[in-house]
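The sequence and the coordinates are shown below.

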Amino acid sequence: MDDNEMTARLQKGDITALEHVYKEYADKLYSFAISISKKKETAEDAVADVFVMLYSYLSSGRRVDNLKAFLYTSVRNTVYDNFKLSSRNLPFPDDDVFVDNTLDMSEKLMIYDALNRLPSDEREI
């Protein structure tokens with residue numbers, strides 16, 4: 001069964017077509033993901049997420065013209081998204097590293113006032 005036939009069957013909600021696609025591409029996609037992420041867990045998660053997304057995407061009636069390109073691009077993007085999320089969740093040192101408790105009230109008010117003048121999307125880290 002070729003990619004176009006598998007894609008057409010997936011668009012009809014055929015779960016056995018997903019099994020065929022998985023058998024055909026899972027190991028290759030895992031190798032690709034591990035080459036990017038260097039982490040087994042990240043690669044495994046990315047491949048699993050992509051197959052869930054593929055089934056959902058196609059069974060909702062959307063089209064994929066090139067299945068192989070779609071899968072590889074999706075894995076790459078999923079790995080990169082995981083990098084972004086994990087970098088946001090890095091532990092920070094103790095708060096006292098960032099807070100200078102020696103500020104007097106007038107300095108704190110100046111900082112508070114300056115922060116309030118920023119647009120709301122620039123106030124967040």
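Which pattern does the chain follow when read along the sequence? The pattern is α-α-α-α-α, and the chain accordingly has five helices and zero strands; helices (H or I, at least four residues) and strands (E, at least two) are DSSP runs, numbered from the N terminus. This is a predicted model, in which local features need pLDDT of at least 70 and side-chain atom pairs count only at pLDDT 80 or more, while totals for chains, interfaces and linings use all residues. Residues are numbered from 1 along each chain as its sequence is written, and side-chain values use heavy atoms, with hydrogens and water left out.

**Confidence**

- The chain has a mean pLDDT (the predictor's confidence in each residue, from 0 to 100) of 81, and 74% of its residues reach 70 or more.
- Where pLDDT is low, predicted coordinates should not be read in detail.

**Burial and contacts overall**

- Of the 125 residues of the chain, 22% count as buried; buried means under 20% relative accessible area, exposed over 50%, and partly exposed in between (1.4 Å probe, protein chains only).
- Among the contacts (heavy atoms within 4.5 Å) with a separation of 6 or more, 60% are accounted for by residues 24 or more positions apart.

- Leaving aside residues up to four places away in sequence, L71 touches V21, Y25, L29, V50 and L54.

- M6, T7 and L10 are buried in helix 1.
- Viewed down the axis of helix 1, its buried residues fall within an arc of 100° (taken from the directions from the helix axis to the C-beta atoms), so they line one face of the helix.
- G13 lies in the loop between helix 1 and helix 2, and takes a positive phi of about 85°.
- At 28% relative accessibility, G13 counts as partly exposed.
- Not counting residues up to four places away in sequence, G13 touches Y55 and S59; G13 and Y55 are 42 residues apart in sequence and 7.6 Å apart in space, C-alpha to C-alpha.

- Between its end C-alpha atoms helix 2 spans only 29 Å, whereas a straight helix of 23 residues would span 33 Å at 1.5 Å a residue; the expected span is 1.5 Å times one less than the number of residues.
- The buried residues of helix 2 are A17, L18, V21, Y25, A26, L29, A33, I36 and S37.
- K38, in the loop between helix 2 and helix 3, has a positive phi of about 65° although it is not a glycine.
- K38 counts as exposed, at 64% relative accessibility.
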